[in-house]
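Here's a walk through a structure, taken a piece at a time. Keep the viewer open and follow along.

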Amino acid sequence: MKDVFARLASDFLSAIIFLAVYLITDNVILATSVAIAAAIAQVIYARLKGQALNYMTYASLALVVVLGAITLLTHDPRFMLAKPSIAHFAIGLIMLKRGWMLRYMPPIVTETVPEYVTAAGYAWAALMFVIGAGMIVVASTGDLKLWAFYITVVAGGAKILAFAVQYVVLRLIVTSRRRAAARA
């Protein structure tokens, strides 16, 4: 679990830096410039450490540079604020692969209710698309406080709630099926 949070922090480092610098300085140009520099430095650092960089790392760097350049040219932070929505759409597309979630489940779940796990995977994909669309709507307002609230409380809270609901539902279904099998 720690690796997941470290990876998320790494993936969104430039967005986090952008927000922090902007909130401290109220300067879009400075915040964007620092975010672009941080993204480039992050890739250079990984290369110097000999870490393998995948397609998503380069895609993220390209997004930061392109959206950052648009932000610098227009003096409009909405482009940088929309970046996480692109990540949510990409993750949602990946989650549309049938059975993607099965490898993350314990054997008792995959053996007992694989069809429900597959359905849960599609539900997660839908959630990613909804969160991404909501992020674009919020980013279009240009309100950084609303965006920060949305990305942390709404998006984060929706994922935590979805995980909890999934856990409870799968546990109830697995328990029910195992009891029915034991009676039979």
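Which residue just after α8 takes a positive phi? That would be G142, with a phi of about 75°. Keep in mind as you look around that this is a predicted model.

Now step back into the helix itself. Helix α8 covers residues 114–141, and its 28 residues should span 40 Å at 1.5 Å a residue; the C-alpha atoms at its ends are 41 Å apart, so the two figures agree. While you're on α6, look at what is tucked away: K83, P84, S85, H88, G92 and M95 are buried.

D26 is not a glycine, yet its phi is positive at about 60°. You'll find D26 in the loop between α2 (13–25) and α3 (28–48), and with 57% relative accessibility it counts as exposed, the cut-off being over 50%. H75 is another non-glycine residue with a positive phi, in this case near 60°. H75 sits in the loop between α4 (55–74) and α5 (78–81), and at 54% relative accessibility it is exposed too.

On to charges. Side chains of opposite charge can pair when their charged atoms come close. Searching the whole structure turns up 2 salt bridges. One of them joins D76 to R78, with the closest N and O atoms 2.4 Å apart. D76 is buried, at a relative accessible area of 14%, whereas R78 is partly exposed at 36%.

The other pairs E115 with R177, and here the closest N and O atoms are 2.7 Å apart. E115 belongs to helix α8 and R177 to helix α9, so this bridge ties together parts that are 62 residues apart in sequence. Both ends are partly exposed: E115 has a relative accessible area of 39%, and R177 has 35%.

Last stop, the second largest pocket, which holds about 190 Å³ of space. α7 (107–112) and α9 (144–183) are the elements that give two or more residues to its lining. The largest share, 7 residues, comes from α9. By type, the lining divides into 8 nonpolar, 2 polar and 1 charged.

Notes
Residues numbered from 1 in each chain as written. Predicted model: local features only at pLDDT ≥ 70, side-chain atom pairs only at ≥ 80, totals over all residues. Heavy atoms only, no water. Helix = DSSP H or I, 4+ residues; strand = E, 2+ residues; numbered from the N terminus. Buried < 20%, exposed > 50% of the residue type's maximum accessible area, 1.4 Å probe, protein only. 1 Å grid on protein atoms, 1.4 Å probe; cavity = no way out; pocket = protein on both sides within 12 Å on 5 of 7 lines; lining within 4 Å. Points joined across faces, edges and corners; volume = space filled by probe spheres on them. Nonpolar A, V, L, I, M, F, W, Y, C, P; charged D, E, K, R; others polar. Expected span 1.5 Å × (residues − 1). Salt bridge = Lys/Arg side-chain N within 4 Å of Asp/Glu carboxyl O.
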